[in-house]
Structure formats: C-alpha cells, structure tokens
Amino acid sequence: MQVYIAAILAADAALQPFIKVDAPAVVLEHVRVIDGTGAPPREDQSLALVSGKIAAQAPPNAQHLDLTGRTVFPGLVGMHDHLFYPAGGGVFHEMATSFPRLYLAGGVTTIRTTGSIEPYTDIEIKRDVDRGLVPGPKIWLTGPYLEGDVPWTEQMHRLHGTAEFRRTVDYWADQGMTSFKLYNFMTREELGAAVDEAHKRGLKITGHLCSVGFTEAARLGIDDLEHGIFVDTEFYSAKKPDVCNAKEALEELPKLSVSDPRVVALIKELVQRKVAVTSTLPVFAAFTEAGLRRALTPAVLAALSADARALILANHVARPDRSAEVKLEMEFERAFVQAGGLLLEGCDPTGNGAVLAGYGDQRGVELLVEAGFTELAALRIASWNGALFLGAQDRIGTLAPGKDADLVVVKGDPSKNIGDIENVELVFKDGVGYDAPKLAESVRGLVGVR
C-alpha cells in the first residue's frame, strides 16, 4: 500500500506543473466546436467533460471555462510519429524527454510510433506516460524496423530470410508492440512472411518500401504504406524485382503524373484492397526552400539545441530541392482520397531535422490544406482517419458523448485559417487539461539532446 501511495504522489508531482484544468467535471463555454467528422463548426457551444469523457451534460458542481474566441477540435492522431530524432551521420537519438511533451503540447493526444530505433525505451516511455509519471500522448507502439541486409543505419538489425522476419514479429508482439513496419531492403517473400505473421497475431503492418513496390505489397496484404508515391520505386524505368534503387527512382519521379495510367491503376489497387496511405508531407517539404523557412518557426527554433540547429542548415545545403516531388505527392494524396482511399497523417521527425514532434504534426495539417483539402477535411484526416485505422474510433478521433475527452483548445478559427492550429492553449487528454505553452517551455533547447 505504501508503494502504491508513493507512486500516486510521484505521478501527481511530475504532471502537476503542466496541468491547468483538473476537475471531475468541466464545461467549456462559448466555444466553437469542430467535431472532426468534417461537419461545419458549431458556434457558441458548451462542451461537457465528465470523468475523462465527453458528456451530454455536466453536474451542477462542474467547473466552467469561458472560451470565447477559442475553437476546440479532436486531439490529433499522429500516425507516423517517432520518439527519435536525427543526430547526423545516419544515427538517431531517442528524445525521451522532449518529444512526448512536444507531441502533447502540439495537440497530438495519440501517436503511432511507426518504427522504433530503441524499442525497449519506447516501451518504458509508454509505461511511464500511462502511469502518469511523465506527460505525453497515448502511445501505440510499433516494433523495431523490419529490415533486410543493407540497413542505412547501424541501429537497425539485419534480418535474413522469411524465418527471421517471422521470429522478429513474434518476439516483439510478445513485448507489447501493436504494429510493425517493413523497411527498404527485403524480398517479396520476406515481406509476405512478415505480413502473414503480423496478421496471425491480429496486428497491422505498414511499410516504407523500396525493393518491393506498392502494388506488389498491396497484393501481399500490407495494411498501410508510408510517405506515398514519393518512395514507391515501382515506376522506376530500370526496376528489378527485390532490388532497391531509391535514389535513381527519386530522380525519375518528377516525370510522373497522377494521370499516368500506371498511377491510376495503383490507386485503384490500394483502394480496392483497403490499403491506407500515411501522408508525411512535413518531412519532404522541409527539403524545399520555402518549406524549410516555414518549418523553422520561432517555437521550433526555441526547442532545438544549438547543435541541432547547425546540423539542419548543413543538411539543407547538402540536399537538392524537392519542390517538384512534393507537388506530385500532394496530387497523389488528393487523387487517392478522391478515389475513396483512407489517408492518414504524421510528421515523421527525421529528414533534415527541421520537423519536430507536435509542431510537425500541425504543419502536416497545414500542408494538407496546401495540397487542396479543405481545412475541415484536413483536420478529419489528422484525427478521425487515424482513429479508424487503429480501430479506436469508438474512443477517439471525433468529439461526441461517450468518447475520451481528448481535445485541443486553440485561439482563433482553424476552419477558416488553418494556421490557427498552431495557437494551442490547452490540450485535454482523458479530461485533464494541459498547459501547452508550459509543456513547450519545459523542453526549450532540448531537442537533439534528450
């Protein structure tokens, strides 16, 4: 009993500096509500939060908050949100302190880690968040990368043959991983074995693929594809089975069009087989001049360590501009959704380092609007769609009575100006309201360090 009480007190002490609203029942008054379904906003509403859930009404003793001039929308569901960050030289450091706080501060109340560099660390971070020892979002754990014989970072374990792919899936499923991610180098047989083993465990599997094209992966049963056409090598003129030619394929990509019959056929295949696509526009846009300038907001620069800022500039100078490829990816994502595909959204805080937890997720929603989606559609993609893919749509993703009280309070109206998504004041997770500016300030200068 003493140990249990000590744990409760430790949790309370760890979270209390960042909690602004903590009452059994809260009513958000005079607030604009975007419910996440794509429906028009409802003006001057009252929203009741009772015992961690959204409620039809609140008891008489509820705390009331006047949120005139504010908008609430569902907590974002980040579907490509790692807990690590590039340190340079193909090495990645776990951001165990800064990233959980920044995701929450940015309005991201649920993440899928979508590939792990330090899987045991990710497991412990999730446990500490769930126990209330550290602030952070709800975490859906993806296992370590399933990669073949040519990993581009020494932090990835090399797998050889279908048996090793299967054993790796089984082992990490036993450790509590809820999904898996295939990577660049593997054969079709190895990919198929991993998909089959994940499905035997009732788990979904996604991929950032190279040696295997999207169409082949869809036919082998993959559930999701990361990054979109930006990484699909099946259209490379010299493509060979089970061979990754990422650089060469990327150089040819601008010649492609979404009206190309091969792309049209791919989209049809993905939609028919119910394969989702995860948009990660922020990481690609940061390799354009305009995108890098837009990504490096004062808030992002404040979160970065001096070394991390310097590395971003060095990385950018060394890389070609990818504006044409970003434009094509935006067109692909629009066409995929128009055909009935399920598009997810995540920030992928890798690349040249300009994309950070939370801030990158906000930027992802803004880039969906730049891609041609309406503001309400972009918010739906970033909340409801992720919840649907995770099978958690009964608890998160939209604002409705009975669902978890996971929601974001921003100043302004993102249904008219999507940039207002950055004006986060409060983030509620299970009915507890976190002070977003305090969370961000607590990790000033830490990204790239811890």
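**View 1. The buried residues of helix 4 pack against helix 3 (119-130), strand 12 (179-182) and helix 5 (188-200).** This is a predicted model: local features need pLDDT of at least 70, side-chain atom pairs count only at pLDDT 80 or more, and totals for chains, interfaces and linings use all residues. Residues are numbered from 1 along each chain as its sequence is written, and side-chain values use heavy atoms, with hydrogens and water left out. Helices (H or I, at least four residues) and strands (E, at least two) are DSSP runs, numbered from the N terminus. Phe165, Thr168, Val169, Trp172 and Ala173 are buried in helix 4. Seen down the helix axis, these buried residues fall within an arc of 125°, so they line one face. The arc is taken from the directions from the helix axis to the C-beta atoms. Arg167 and Asp174 are exposed on the other side. Buried means under 20% relative accessible area, exposed over 50%, partly exposed in between (1.4 Å probe, protein chains only).

**View 2. Gly176 follows helix 4.** Its phi is positive, near 110°.

**View 3. Thr233 sits in the loop between strand 14 (224-226) and helix 7 (246-252).** Thr233 is buried, at 3% relative accessibility. Thr233 touches Cys210, Lys239, Asn245, Ala246 and Ala249, leaving aside residues up to four places away in sequence. Contact means heavy atoms within 4.5 Å.

**View 4. His30 and Lys274 have positive phi values.** Most residues other than glycine have a negative phi. His30 has a phi of about 55°. His30 belongs to strand 2 (residues 25-33) and is partly exposed, at 39%. Lys274 has a phi near 55°. Lys274 lies in the loop between helix 8 (261-272) and strand 15 (276-279). Lys274 is exposed, at 72%.
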